[in-house]
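Please take a look at the structure below. The report that follows works from single residues out to the whole chain.

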Amino acid sequence: MACQSVSAVMDEQALLGLNPNADAPYRQRALAYFEQLKESQDAWEVCADALAKGIYSDDHVKFFCFQVLEHQIKFRHAGLSAAQQQLIREALMKWLQNQLMNAQPEKAFIRNKAAQVFALTFVMEYITLWPKFFFDILNLVGLNPHGVDIYLRTLMAIDAEVVDRDIVHTPEETRRNTLIKDSMREQCIPSLVESWFQILTAYQQTHPELTCQCLEVVGAFVSWIDLNLIANDRFVNLLLSQMSMEDLREEACDCLFEIVNKGMDPVDKTKLVESLCQVLQSAGFFNIEQEEDVDFLAKFSRLVNGMGQSLVLSWSKLVKSGNVKEAAETLHAVEAKVPLLLQLLVHEDDDISTNMVGFCYDYLHVLKQLPQLTEQQKANIEAVMLAVMKKLTYDDEYNFENEGEDEAMFVEYRKQLKMLLDRLAQVSPELLLEAVRRVFTSTMQRWQTAPFMEVEVAIRLLYMLGEALPVSHGAHFSGDSAKTSALQDMMRTLVSCGVSGYQHSSVCLEFFETVVRYDKFFIVEPQHIPNVLMAFLDQRGLRHSSPKVRSRVAYLFSRFIKTLHKHMTAFIEDILTRIQDLLELAPPQENGFPALLTSDDQLFMFEAAGVLIVSGESPVERKQVLMRSLLAPLTDAFRLLLAKLLQESVEERQAALADCLSHAVGFASRTSKAFSNKQTVKQCGCTEVYRDCLHSFLPALSCPVQRGALRSAVRSFLHRMIICLEEEVLPFIPAASEHMLKDCEAKDLQEFIPLISQITAKFKRQVSPFLQQIFMPLVLAIFEVLGRPAEENDQTAALEKQMLRRSYFAFIQTVAGSGMNEVLANQGAENIERVLFTIIQGAVEFPDPIAQKTCFIILTRLVELWGGKDGMVGFPDFIYKHIVPACFLAPLKPTFDLSDAQTVLTLSECALTLKMIHLKRGSEFIQFLQHEYLPSLQVTPEISQELCQVLQQPDVKVLKNYIKAFFQRAKL
């Protein structure tokens with residue numbers, strides 16, 4: 001044997017490192033040894049020898065030896081000599097032979113690894129070197145339990161390598177796998193099937209775990225082998241008998257599921273499913289009320305669902321092909337399964353019910369396509385509705401205050417039931433509406449005595465109708481009178497029957513969710529608004545004992561106000577008085593008493609308050625008074641807390657104060673969302689109020705501690721004020737900018753630049769003097785941060801710099817694009833040159849296509865502004881020395897990937913820059929390209945001429961396509 005050439009001794013010291021508890025030096029040595037064995041020509045042979053002779057008893061060493069062999073087979077098989085390949089085969093078979101003699105089987109992880117190595121060897125050698133692979137193994141193991149176990153594990157490993165569709169294969173592997181399957185079908189599948197039958201019959205009593213393994217193999221292979229080998233009397237009878245055996249029934253069920261799932265002709269599929277159903281029914285499996293084993297029923301429901309979906313698929317195919325007779329028979333077969341479907345769908349175990357959703361959904365889809373429904377089909381629809389309504393109901397164990405995994409699973413299950421409800425609405429909206437109305441009305445009549453889950457589900461069904469019966473823009477109360485009056489009746493009942501006072505959080509939440517979903521109802525019947533407002537404002541809503549309810553109601557309240565504010569003018573001041581304590585800025589928690597609402601919830605309350613004030617019909621003076629009384633407490637608290645922060649030395653307390661200050665700014669900011677083009681800050685007389693806010697908030701920018709949080713909050717407020725206050729905000733910008741540019745980090749700058757860009761884009765010429773003044777300080781601050789040294793592998797710092805670079809170029813683009821070339825032009829020659837070089841550098845040097853694209857857009861704009869005859873002095877020279885080379889050097893970089901969509905967009909901008917240069921410089925540019933620049937790149941005269949001709953054509957699209965082809969050729 002080939003292993004005689006090496007010393008058949010393994011490095012025992014290195015092997016000690018294989019133990020998971022070994023010290024680090026040993027583990028490192030073991031890793032190094034593994035690499036050495038993997039890469040050597042023949043040193044790995046000691047592993048084959050060790051496995052064949054059973055030298056080691058340590059499990060980790062055995063596993064290690066298999067790993068070494070696995071590497072050789074997977075990555076180096078073609079380079080092995082015939083003797084070495086033979087050595088692997090012999091070692092594996094000897095190892096297998098040893099298993100037959102062992103009293104105890106190997107650990108499962110070793111058997112799995114061995115099966116993997118067998119499977120890899122099979123994949124590499126079955127077609128060419130080892131066609132008798134299965135026969136050799138079967139002859140060796142016979143019916144020895146240890147041997148059969150390895151044989152079955154190997155078959156599952158082969159399935160993973162060759163068949164499993166979830167694993168992505170290369171085209172080459174796919175061709176190889178097809179060839180293997182074809183050869184197996186011809187040569188050995190009947191023998192394998194026979195071996196499975198023998199194993200299933202021999203071991204069903206003595207070794208149930210082997211029988212289950214074998215059933216799994218049959219299920220895996222049935223998808224691609226001749227079905228007649230399995231779907232025959234002897235096999236099906238065997239499977240059915242195993243369906244009655246406690247230890248085997250679940251695997252037998254799964255196996256039948258795979259048989260039913262096999263792709264085949266629709267007529268044959270119907271016959272197969274029907275014959276299987278007959279046998280199952282006569283064996284009593286359809287009497288599920290007598291079955292107590294829920295684990296088995298979960299598997300059985302999956303099988304029934306598979307059968308149902310297979311029949312529906314067959315029906316669809318038969319209808320498409322115009323096969324009327326067979327389609328009718330298949331539909332009859334589908335209908336015959338509906339009673340069983342319903343029984344399983346309403347089963348108290350949600351897993352069993354979930355398994356039926358697919359078939360149920362498909363069945364409803366069938367009914368939707370039928371021209372007319374029979375009485376039986378209508379009854380089926382009704383039964384599905386009742387089942388869905390029943391299963392939507394919470395059970396006693398659901399924990400509303402501390403939702404865990406079980407609760408999350410029920411929420412997911414409810415989503416699936418909602419899909420069924422939506423589908424029911426498509427099949428028969430009238431039936432659904434009537435069924436919900438019946439349940440809703442009867443439950444609301446007795447809500448005081450009904451259990452919470454019944455009340456909740458009744459309201460929930462009304463809520464779900466909103467999506468199930470689609471309308472545009474929530475117009476449920478106009479159009480179809482039958483639907484409108486039914487919904488209107490239910491809503492009237494909901495808001496007037498007193499159910500909002502039900503003492504369970506789930507009912508309260510469902511009440512408010514439904515009120516807001518159907519908020520348009522109150523436009524039709526506004527007389528109910530006061531009652532619902534009271535529910536929102538008292539212990540049923542915003543003052544409920546559950547924080548979860550309060551939080552959700554705060555959001556729903558703001559939505560309710562936004563939709564119906566026109567109908568609330570009479571109550572505005574009353575509402576504002578009632579919610580006053582909910583609008584107080586909570587101080588940093590010292591006493592441990594949490595506020596009624598979190599700061600996130602309060603944002604919605606401030607927005608609602610803002611909407612009430614702004615959209616009311618009060619005179620301007622009154623609006624100003626109301627807005628001031630809403631915001632003044634915030635600004636007063638802000639000033640006090642800021643003074644406190646400046647004196648605080650404990651970092652934790654500083655952070656808490658900064659948090660509080662940020663909330664104050666955020667709340668003020670949120671009120672401004674109430675304004676619109678129709679009702680501006682100025683028209684509502686609130687300019688002064690927001691100016692006062694700015695006076696109060698801006699000093700926080702110079703606070704030396706907690707800068708990040710405070711700057712971020714004030715910056716967001718400035719963004720809002722630029723929109724709302726218009727030019728009134730401008731006097732505040734210079735001082736704010738000065739503070740924000742002091743001692744800043746990359747992230748600060750990156751977030752500050754959009755503010756300046758927003759001002760530039762909105763006010764243009766009005767802010768030109770300010771921009772000229774701030775331009776270089778801002779640019780220099782950016783250069784300073786970008787120039788700071790960072791560690792080579794600091795990914796966060798690198799990303800921050802990349803984002804800052806992008807923001808910088810975006811800022812230059814805004815300035816250049818807003819028609820204020822004087823901002824750049826007045827910075828002095830040296831500064832202009834410095835900025836221009838950063839743009840050239842950005843276009844060429846940094847492999848970031850997003851930034852590069854922006855740079856080429858800037859260059860195009862600058863050429864347009866300064867590249868003509870009356871442009872900036874010296875700029876044409878810059879075009880030829882720097883801009884033109886950039887247009888060629890950037891795409892020629894190895895990092896410029898023309899297969900990347902973003903990079904192709906950059907190339908398009910680059911083409912537009914060249915086009916603009918030609919537009920501004922004309923034939924002079926063409927001469928420069930043909931006689932100077934392109935020859936310096938070794939471009940042939942023919943191609944130079946071609947490029948120049950394309951540049952002179954008016955169609956830009958032709959140029960873009962040509963430039964792409966030009967650089968693709970250049971990179972070959």
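## Threonine 211: a buried helix position

Threonine 211 sits in helix α11, which covers residues 208-221. The model is predicted. Threonine 211 has 0% relative accessibility, so it counts as buried. The cut-off for that class is under 20%.

What does threonine 211 touch, not counting residues up to four places away in sequence? The list is Leu200, Tyr203, Gln204, Gln242 and Leu248.

Alanine 157 belongs to helix α8, residues 145-162. Its relative accessibility is 14%, so alanine 157 counts as buried. Leaving aside neighbours within four places in sequence, alanine 157 contacts Ala115, Gln116 and Ala119. Tyrosine 394 is 237 residues away from alanine 157 in sequence. In space, C-alpha to C-alpha, the two are 43 Å apart.

Serine 807 is part of helix α38. With a relative accessible area of 13%, serine 807 is buried. Its contacts are Gln750 and Ile753, once neighbours within four places in sequence are set aside.

## An exposed loop residue

Threonine 895 lies in a loop. That loop runs between α42 (875-892) and α43 (901-921). Is threonine 895 buried or exposed? At 53% relative accessibility, threonine 895 counts as exposed; the class begins over 50%.

Glutamine 377 is 518 residues from threonine 895 along the chain. Their C-alpha atoms are separated by 64 Å.

Glutamate 375 and lysine 378 form a salt bridge. Their closest N and O atoms are 3.8 Å apart, and the cut-off is 4 Å. Both residues lie in helix α20, residues 375-391. They are 3 residues apart, about one turn of the helix. Glutamate 375 has 62% relative accessibility and counts as exposed. Lysine 378, at 35%, counts as partly exposed.

Lysine 747 and glutamate 751 make another salt bridge, at 2.9 Å from N to O. Where do these two residues sit? Both are in helix α36 (residues 746-763). They are 4 residues apart, so about one helical turn separates them. Lysine 747 is partly exposed, with a relative accessible area of 44%. Glutamate 751 is also partly exposed. Its relative accessible area is 27%.

## A salt bridge between separate parts

Arginine 806 pairs with aspartate 848. Their side chains meet in a salt bridge of 2.9 Å, N to O. Arginine 806 lies in helix α38 (residues 795-817), while aspartate 848 lies in the loop between α40 (829-844) and α41 (849-866). The pair therefore ties together parts that are 42 residues apart in sequence.

How accessible are the two partners? Arginine 806 has 23% relative accessibility and counts as partly exposed. Aspartate 848 has a relative accessible area of 6%, so it is buried.

## A network, and the charge count

Some salt bridges are joined up. Asp59, Lys62, Glu106 and Lys107 are linked in a network of them. How many salt bridges are there by the rule used here? The count comes to 55.

The protein chain carries 93 positive and 121 negative side chains. The centres of these two sets lie 7 Å apart.

## The whole chain

The protein chain has 46 helices and 0 strands. Along its principal axes, the C-alpha trace spans about 95 × 90 × 65 Å. The radius of gyration of the protein chain is 38 Å. For a compact globule of 972 residues, the value would be near 30 Å.

Of the 972 residues, 51% count as buried. The protein chain exposes about 44300 Å², and carbon and sulfur atoms supply 52% of that area. Now take the contacts between residues at least 6 apart in sequence. Of these, 73% join residues at least 24 apart.

Conventions. Residues numbered from 1 in each chain as written. Predicted model: local features only at pLDDT ≥ 70, side-chain atom pairs only at ≥ 80, totals over all residues. Heavy atoms only, no water. Rg over C-alpha atoms; globule rule 2.2 N^0.38 Å. Buried < 20%, exposed > 50% of the residue type's maximum accessible area, 1.4 Å probe, protein only. Contact = heavy atoms within 4.5 Å. Areas by Shrake-Rupley, 256 points an atom, 1.4 Å probe, with all protein chains shown as cover. Lys, Arg positive; Asp, Glu negative; His and termini not counted. Charge placed at Lys NZ, Arg CZ, Asp CG, Glu CD.
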